[in-house]
Amino acid sequence: QLDEATIAALELRLDELERGSIASSYLWVMLCTSLIFLMQAGFALLECGCCRQRSVSSILTKNIMDAIVGVVSWYVVGWGLAFGDSTGNSGWAGMDGFVGGNLLDAQGAVTDNMLLYFFQWSFCSVSATIVSGGVAERLSLQGYLMYSALMAAAIYPVIVCWTWGGNGWLSALGYSDFAGSGVVHVTGGVSALVGTLVIGPREGRFACADAWEFSPHNVPFISLGTLILWFGWYGFNCGSTGGMGSASDGYSAVIAGVNTTIAGGMGGLMGLFLHFVRSGKFDVPATCNGILGGLVGITAGCAMVTPAAAVVIGLVGSVLVDIATVILEQLSIDDPVGAFPVHGVAGGWGVLAVAIFDRGHDVMGEPVGSAAFDVQLLGLTAIVCFSSIVSFVAFKLITFAGFGGTKTLAQKLGIDGHHRSATAGNSSAAYAALVCYPQSSLGAVARWFHLELGARAGGRS
């Protein structure tokens, strides 16, 4: 029989082990959060590469402000709506915790809410940044900041409450979304589509003579941005374990990482193949969007499906992105970076794929209930309806207030030269037009040259 000293020593040792486990879990989540925040750089590069050089400074400003505005909105309102007590309204919206009210206890000690707050803030910023790509080059900075604040303060947090908030009505029904194909990506993608429809296309985007002007201006930026996003996705998906305090956490993280890798690779391969079949040429932007489509598709079920299922999810996600991109083009809907095809369409596929491919066992081999298709469909419908309706009203009000799309002249001269104190560098587009677009008629090049002269004159006036 153990004496009191031995028992006390064992209790002390157990306490040390428990504290060590907590510390390792905190470290894991904080590292993953840092990876997710790095995705902001990936989005910035991707958007800059897909758009015209004359708008690069504007795009960078909006991406930087996303992070800044997201910090304020999430702290003041968003966190409380997402993870506050929602039992009084059946899990529709949190009602406390505003202005960081529940991050510390009554004695001022740090609570576990602090870690969740930090991790979910990074998710919130990603959801808002998705919209930036869909309305790039024509929504004013003031208007975008208004919408970004709304996304971080209300739209994303309410959907989080429904699904991840603890008492949400969707989670009570059995809705499953491990890392956010629906919660993050569908929310951002659908909102981006609504923004493009309300604000309208860029001036001259679908005019045959000027269509070449809207081709991606910097393929290296697109490639680097996509690779950074892929890298950050490991924080997104693997970090959604919420900690690293048990064997099951480790197994969940590693299968999420493997499935994420497979789906992204398969999506990129399919994107390359589809564009080659259609045009006879290999295309880097199409390949990159295929990668992203596969990554978005696997996000919801990354820890719940087999690697073989990840192959199918990645391939189908890429096909859907390609189809949606072509349809938007035919409908003259201007989505410069493919925000809706990649995040909205592939994200919706990912939500439904959970019900189709859920392996029915947890990572330890124990049988668990699988997600029901009708519940997943209901959750997807609810997310689409809420985000689209609120976004439509918001963009209409922003436009009515005079902060919607920039004027035609500003778009022609370039938003950077018209609204920014500094542009992204000296334009070499005249050289690019002559070298990269030899098939263009002399008239098209001449029109561009006069436009560029006007931009330079306007920037100095």
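Leaving aside neighbours within four places in sequence, with which residues is Phe236 in contact? Point 3 gives the answer.

1. Basis of the note. This is a predicted model, in which local features need pLDDT of at least 70 and side-chain atom pairs count only at pLDDT 80 or more, while totals for chains, interfaces and linings use all residues. Residues are numbered from 1 along each chain as its sequence is written, and side-chain values use heavy atoms, with hydrogens and water left out.

2. Overall content. The chain has 16 helices and zero strands. Helices (H or I, at least four residues) and strands (E, at least two) are DSSP runs, numbered from the N terminus. Of the 461 residues, 52% count as buried; buried means under 20% relative accessible area, exposed over 50%, and partly exposed in between (1.4 Å probe, protein chains only). Of the contacts in the chain with a separation of 6 or more, 78% join residues 24 or more positions apart. Contact means heavy atoms within 4.5 Å.

3. Nonpolar cores. A nonpolar core is a set of buried Ala, Val, Leu, Ile, Met, Phe, Trp, Tyr and Cys residues joined through side-chain atoms within 4.5 Å. The largest has 90 residues, of which Trp74, Tyr147, Tyr156, Trp233, Phe236 and Phe395 touch the most other members. Beyond its neighbours within four places in sequence, Phe236 is in contact with Ile36, Met39, Phe119, Phe123, Val126, Ala179, Val184, His185 and Thr299. Another core lies apart, with five residues, among them Cys48, Cys51, Val56 and Ala136.

4. Helices H3 and H6. The axes of H3 (residues 113-134) and H6 (residues 181-199) come within 8 Å and cross at roughly 30 degrees. H3 is therefore roughly parallel to H6. Axes are lines fitted to C-alpha atoms, for helices over the stretch in contact, and angles run from 0 to 180 degrees between N-to-C directions. Angles under 35 degrees count as roughly parallel, over 145 as roughly antiparallel, 65 to 115 as roughly perpendicular and the rest as oblique. In this contact, Phe123, Val126, Ser127, Ile130, Val131 and Gly134 of H3 meet Val184, His185, Thr187, Gly188, Gly189, Ser191, Ala192 and Thr196 of H6. These residues comprise six nonpolar, eight polar and no charged. Here Ala, Val, Leu, Ile, Met, Phe, Trp, Tyr, Cys and Pro count as nonpolar, Asp, Glu, Lys and Arg as charged, and the others, Gly among them, as polar.

5. Helices H9 and H11. H9 (residues 284-299) and H11 (residues 339-357) pack at about 40 degrees, with axes 7 Å apart, and are therefore oblique to each other. Asn289, Leu292, Gly293, Val296 and Gly297 of H9 make the contact with Val342, His343, Ala346, Gly347, Trp349 and Gly350 of H11. Five of the contact residues are nonpolar, six are polar and none is charged.

6. Ala256. This residue lies in helix H8 (residues 247-279) and counts as buried because its relative accessibility is 0%. Not counting residues up to four places away in sequence, Ala256 touches Asn237, Cys238, Cys302 and Ala303.

7. Positive phi values. Most residues other than glycine have a negative phi. Val99 has a positive phi near 55 degrees; this residue is found in the loop between H2 (56-83) and H3, and is partly exposed at 46% relative accessibility. Ser332 has a positive phi of about 60 degrees. Ser332 lies in the loop between H10 (307-330) and H11 and is partly exposed, with a relative accessible area of 37%.
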